[in-house]
Amino acid sequence: MDTPPVNAVDNTLVLLTVEEAARRLRIGRTTCFALIRTGELESIDVGRLRRIPADAPAEYVARRRAAKRAA
């Protein structure tokens, strides 16, 4: 069976790890945690784990784009 490319996006995922969300946004892990801490990037706790809803990175980008257009 072929191994998917490292940059492949699994569209079946409902929740992403911080690392996966950071990779989708092309930012570092630390920056991603900073966005979570300030509430700019939605996240939830699953037990002791931090997960990002799969649609949250796109929503974050859409809000940033809208803010830039409004400025």
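Colleague: Why is Val46 called partly exposed?

Modeller: The relative accessibility of Val46 is 37%. Buried means under 20% relative accessible area, exposed over 50%, and partly exposed in between, with a 1.4 Å probe and protein chains only. So Val46 counts as partly exposed. Val46 is found in strand β2; strands are DSSP runs of E with at least two residues, helices are runs of H or I with at least four, and both are numbered from the N terminus.

Colleague: What should I keep in mind about the model?

Modeller: The model is predicted, with local features needing pLDDT of at least 70 and side-chain atom pairs pLDDT 80 or more, while totals for chains, interfaces and linings use all residues. Residues are numbered from 1 along each chain as its sequence is written, and side-chain values use heavy atoms, with hydrogens and water left out.

Colleague: Why is Ser43 called buried?

Modeller: Ser43 has 18% relative accessibility, so Ser43 counts as buried. Ser43 sits in the loop between α2 (29-38) and β2 (44-46).

Colleague: What makes the link between Ser43 and Arg50 a polar contact?

Modeller: Their side chains are joined at 2.8 Å. A polar contact is a pair of N or O atoms within 3.5 Å; within protein, one must be able to donate a hydrogen and the other to accept it, and residues adjacent in sequence count only if both atoms are side-chain atoms. So the pair qualifies as a polar contact.

Colleague: How do you know that Asp45 and Arg50 form a salt bridge?

Modeller: Their closest N and O atoms are 2.9 Å apart. A salt bridge needs a side-chain nitrogen of Lys or Arg within 4 Å of a carboxyl oxygen of Asp or Glu. So Asp45 and Arg50 meet the definition. Asp45 is exposed, at 51% relative accessible area, whereas Arg50 is partly exposed, at 31%.

Colleague: How many salt bridges does the structure hold?

Modeller: Two. Glu19 and Arg29 also meet in a salt bridge, at 2.7 Å, N to O. Glu19 lies in helix α1 and Arg29 in helix α2, so the pair ties together parts ten residues apart in sequence.

Colleague: What makes up the largest nonpolar core?

Modeller: Twelve residues, including Leu16, Ala21, Cys32, Ile52 and Tyr60. A nonpolar core is a set of buried Ala, Val, Leu, Ile, Met, Phe, Trp, Tyr and Cys residues joined through side-chain atoms within 4.5 Å. Helix α1 gives the most to this core, with four residues.

Colleague: Why is Arg26 called exposed?

Modeller: Arg26 has a relative accessible area of 67%, so Arg26 is exposed. Arg26 also has a positive phi of about 60°, although Arg26 is not a glycine.
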